[in-house]
Amino acid sequence: MKKATMLLLSMFTLVLILAACGKETGNNAQSSASTNASATASSDSGSSDKVKVAVILKTLNSPFWAAMRDGIEADAAAKGYDVDIFAAQDETDLAGQVKIFEDVLSKDYDGIAVAPLTPVNLIPSVVEANKKGLNVVNIDEKIDMGELKNAGGYVLAFATSDNVAIGEMGAKAIVDALGAEGGEVAIVEGKAGNASGESRKEGAEKGFASASQIKLVDSQPADWDRQKALDVAANLLQRYPNLKGIYAANDTMALGAQQAVENAGKAGKVFVVGTDGDQEAQDSVAAGGMYATVAQDPANIGVSSVNKLIEAIQAKKQGSVDSEPETLLIDAKLIKK
C-alpha cells in the first residue's frame, strides 16, 4: 500500500512538472509573437515617414501620358518616395476619373497630383481634398482656377508647357516650310473645351496670322483620336485641294493627318506638324513623313509637379483659396528632319 501511495505521488509530481513546462513554452511562444508584431509595427511606423503620393493622369492610352508615368516612377525609385499612378480609361471617361479621385481620398496619401480631363470635372474632388488637408498639384490640363476658387478650393502649383507658345511654334514651322509662296493651311484641334487643346489652337492661329502669305481656311476637332484625325484631314484635303499645311494639336492626330495626306497622294506636298514629340512621330519625321513635331517633355512635367508636391508636404506648406498657384513651365522644342 505504501509503495502504491509513493507511486501515485511520483506520478502526480511528474504531471505538475510537465504542466509547468508546457505553460512556460506557451508563454515563450506568445512572447515571440508579440516581438514579431512589435517589429512589424516598428517597421510600418518607420515607413510611414516616407512620403506617399497619388498621381491621377488623363489616360495611359497615349505615349505622352505613358512617358509621364515612366518619368515619375523612375524619379520615385531614385529618390525613395512612394507613388501610385492612376488614369482614366480614355479622355472621355469623366465619371471614371472622378471615381478614381474618390478612391484616392479614402486612402492614406499625403498629397495628390492630378491632370483633369476637363478644366472643371474634378473641381468638387479637389475641394474635398483641400478639406482633408491634402496638398494638390495640377498637371498639364489647367483647372479653371476661377471656378475652383468660387467652390472654395485651391491647388499649390500648375506644371505644364506653354501651350499657346507650342501651337505658335508648330504653325510657324509650317510658315517657314512654305516660304514666301505661302498657301492655305488648316488646324486639327483636340477635344472641344479642352484647355490645352484650345491654347494650342490659339497659338497656331496666332502663328499663321503673323504671315500675310498664309491663309487659315479651316479648323476642326478630332478629339485627340488618330482615326478621327485621318477622317477630318481627308475631308479637308478634298474640300481644299490647294491645302499646303496641317497643324495638329497632338502627335496622335498628326499621324492620322499624315496618313490622309499619303492616301491622297500628296506626300511631300502638304506639310504636317504635330505636338508632343512622341517616338512614332519623331520616327515619321526622320523618315520624311511628318514635317515636324513640337516635343514637350512629359516626364519632366510629371516629375516637376510631384517634386513640388513633395516639397510642400515635407515643409508642411498649406495653400489657401486666396493664394495663386505657382506655375511651373517646362520648355518644348521643335524637331525637324
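In β11, E326 is the bridge partner of A157, a contact that belongs to the parallel pairing of strand β5 (residues 157-160) with β11 over four bridges; two strands are taken to pair if DSSP finds at least two bridges between them, and strands (E, at least two residues) and helices (H or I, at least four residues) are DSSP runs numbered from the N terminus. The model is a predicted one, in which local features need pLDDT of at least 70 and side-chain atom pairs count only at pLDDT 80 or more, whereas totals for chains, interfaces and linings use all residues. Residues are numbered from 1 along each chain as its sequence is written, and side-chain values use heavy atoms, with hydrogens and water left out.

The pairing of β5 with β11 is part of an open sheet of six strands in the order β2-β1-β3-β4-β5-β11, with parallel pairing. β2 (82-88) and β11 (326-329) stand at the edges with a single partner strand each, so one side of each is left without a neighbour in the sheet.

The structure holds 16 salt bridges, each being a side-chain nitrogen of Lys or Arg within 4 Å of a carboxyl oxygen of Asp or Glu.

R69 is partly exposed at 25%, and D70 is partly exposed at 41%. E189, at 8%, counts as buried. K228 is partly exposed at 41%, as is D223 at 28%. Salt bridges that share partners also join E168, K172 and K206 into one network.

The largest pocket has a volume of about 280 Å³. A pocket here is an open set of points on a 1 Å grid over the protein atoms alone, where a 1.4 Å probe fits, with protein on both sides within 12 Å along at least five of seven lines, and lining residues have an atom within 4 Å of a point. Of the 14 lining residues, the closest to the pocket centre are D90, E91, D223, W224 and D225. By class, the lining has one nonpolar, six polar and seven charged residues, where Asp, Glu, Lys and Arg count as charged.

Note on methods:
Grid points are joined across faces, edges and corners, and a volume is the space filled by probe spheres set on the points. Buried means under 20% relative accessible area, exposed over 50%, partly exposed in between (1.4 Å probe, protein chains only).
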